[in-house]
Amino acid sequence: MGAGGGAVNIDKDLVAAMATPLVLAILAEDASYGYAILKRVRELSEGELEWTDGMLYPLLHRLERLGYIRAEWGASPEGRRRKYYEATNAGRAQLAEQRRQWVTATRALGGLWDLALPAAGPGAAVARGAGASA
Amino acid sequence: MSMPASESQIVEWRAAVLASPAVDEADADELEAHLREQITDLEAAGLSNDEAFLIAVRRLGQVDRVTAEFAREHSDRLWKQLTLVRPEVEGPHPILTMLGFAALAAVLTQAAWLAANPMSGGGGWYIRDLSLLVLTPLAAYFAVLRRMPVPRVLMLAVVVVVLALAVNLFPFAPGSSTSILVAIHLPVALWCVVGVAYVGGDVPSSSKRMDFIRFTGEWAIYYAMIALGGGVLLGLTMLVLTPIVPAAVGGVSQWMLTLGAAGAVVVAAWLVEAKKSVIENIAPVLTLIFTPLFAAMLVVSSVAYLIAGVGHDFNRDLLTVFDLLLLVVLSLVVYSISARESTRSGRAMDGIRLVAVVAALLLDALVLASMFVRVGEFGFTPNRVAALGLNIILLVNLAVAAWLIVRQLGGRIPGMRLERWQTGYLPVFAVWVMLMVLALPPVFRFE
């Protein structure tokens, strides 16, 4: 998953790692389609998570192939053809698994931030940690 | 809704996206819908139509990078549509390589014919060794084409030499059934060797095994088409020559037939590789046509067998017939998976496939049951071991396949599981045919 530049933006590799749980979480809420999924991502991340929009679709197709989501063609309110996606049970299970991993990862890192960067608050540490690696 | 000013730009952009073979029409629709919605939103925010188009396109990302990502996910589409990526820039011309190996196969076969002289009764070995003469050059062709590392080539060579020595040094009794079984199984064993060369030695890769399955189907179809064309050529040649040199016709047609049939083995392989770009795969299309027909035939036969019972006129050859039937059903299953747009394949078709598989299993179970009774009566013979073994191998494969199709229809597992099962099962067939060629004759004392 590609990411745009910018000082506060999250590192490219991190965005790539977050892409699957993000999309799965959004689709576990409710069925949705590409453009709306991206809008929701921007909303959730308050614009700090920049995607190259086109990269979302190969990801969706991969998740579909893996059986985590299913797709169906429908129509937009204006009558245009639109492909809707929704999480399957396997997708929800995968999301739970991803959550477990992320919780473990943040917990492991959380203990380190305070040791390595004692002056900063936890929130600032995360942002700076990601920014400093660039 | 966007204004006409950006309309032509959208058309151009769509064409640029579709230029990649990894992106199909449906993907382009999806991306275009995204682009249009973004343009509409940006216009609503006060941008001009042109500005909105530019920003929307920029947000979607550079076309080549996005399509490269599609290619990563949909590499199977490349198999269907892309010309073969040829890493060999220097080196001999690909057509010359192909012609070289085709000529090798043809010359070896013709030389063997002349040495064996089967027309005057000699050389039962000619039929048995035929597959060695044509499939070894084919395997070598792929080893060269794929630039297989030397140690792996040597390993394959050892396998071929062992097979060749075994089938020619075994002291078969004249007209023995083990020698016929070897003649039947040797081509399949060698086809496994071709498969290893085809995947360039990367045997563990499930997707490459699937590619080889696709290759096998397409190769058979190409070979049949070349054979048809060759038949026309041969027939016309004989008709043209008969009035002037009637004495030479027999010899000329024998040379043409042997050289053509042997050379075509390599030529067909080259065509499959080279023409991936030109045609849709044919095997999945044939599968689509024949699956419902076979399903109907199998259901009717099962009912008939259930009513009539297998008991009366049971013939040992019947098991061989059922081996063939199961093989066909397995092909229908395998080549339906090899159709690439698997995510879109209809559930109705999966249902029909399931009916075909279950009916075949039922039929086979009936025949097997009576076969087991007979084996108890008459003991084991080479033919019975071969037919029964293959039958059980196919039965296990199809039973699991049926179970996977059921779960797939229930939406509980992705279609990929069935593909994994089939590609994972290939070694079972390989081991079985190797046993048939190398172990069965000694066990039955070459009877």
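Trainee: Let me start with strand pairing. Which residue is the bridge partner of Gly74(A) in β3(A)?

Mentor: Follow the bridge across from one strand to the next: Gly74(A) is partnered by Arg82(A) of β3(A). Keep in mind as we go that this is a predicted model.

Trainee: How many bridges join β2(A) to β3(A), and which way do the strands run?

Mentor: There are seven bridges between β2(A) and β3 (residues 81–87) of chain A, and the two strands run antiparallel. Then widen the view to the whole sheet. It is open, has three strands in the order β1-β3-β2 (chain A), and its pairing is antiparallel. To find the edges, look for strands that pair on one side only: here they are β1 and β2 (69–75) of chain A.

Trainee: Which helix packs on that sheet?

Mentor: That is α3 (residues 56–65) of chain A, which touches β2 and β3 of chain A. The direction of α3(A) makes about 120° with that of β2(A).

Trainee: Now a helix pair in chain B. At what angle do the axes of α9(B) and α15(B) cross?

Mentor: The axes of α9 (residues 177–198) and α15 (residues 382–409) of chain B cross at roughly 30° and come within 9 Å. Angles under 35 degrees count as roughly parallel, so α9(B) and α15(B) are roughly parallel to each other. On α9(B) the contact is made by Ser177(B), Thr178(B) and Leu181(B), and on α15(B) by Pro382(B), Asn383(B) and Ala386(B). By class, these residues are three nonpolar, three polar and no charged.

Trainee: Finally, how many residues of chain B are in contact with chain A?

Mentor: Count each side separately: 22 residues of chain B are in contact with 20 of chain A. On the chain B side, the elements giving two or more residues are α2 (25–44), α3 (49–60) and α4 (63–73) of chain B. The most come from α2(B), with eight residues. That side of chain B has eight nonpolar, six polar and eight charged residues.

Definitions and conventions:
Residues numbered from 1 in each chain as written. Chains lettered and ligands numbered in written order. Predicted model: local features only at pLDDT ≥ 70, side-chain atom pairs only at ≥ 80, totals over all residues. Pairing = 2+ DSSP bridges. Helix = DSSP H or I, 4+ residues; strand = E, 2+ residues; numbered from the N terminus. Contact = placed C-beta atoms within 7 Å. Axes fitted to C-alpha atoms, helices over the stretch in contact; angles between N-to-C directions. Parallel < 35°, antiparallel > 145°, perpendicular 65-115°, else oblique. Nonpolar A, V, L, I, M, F, W, Y, C, P; charged D, E, K, R; others polar.
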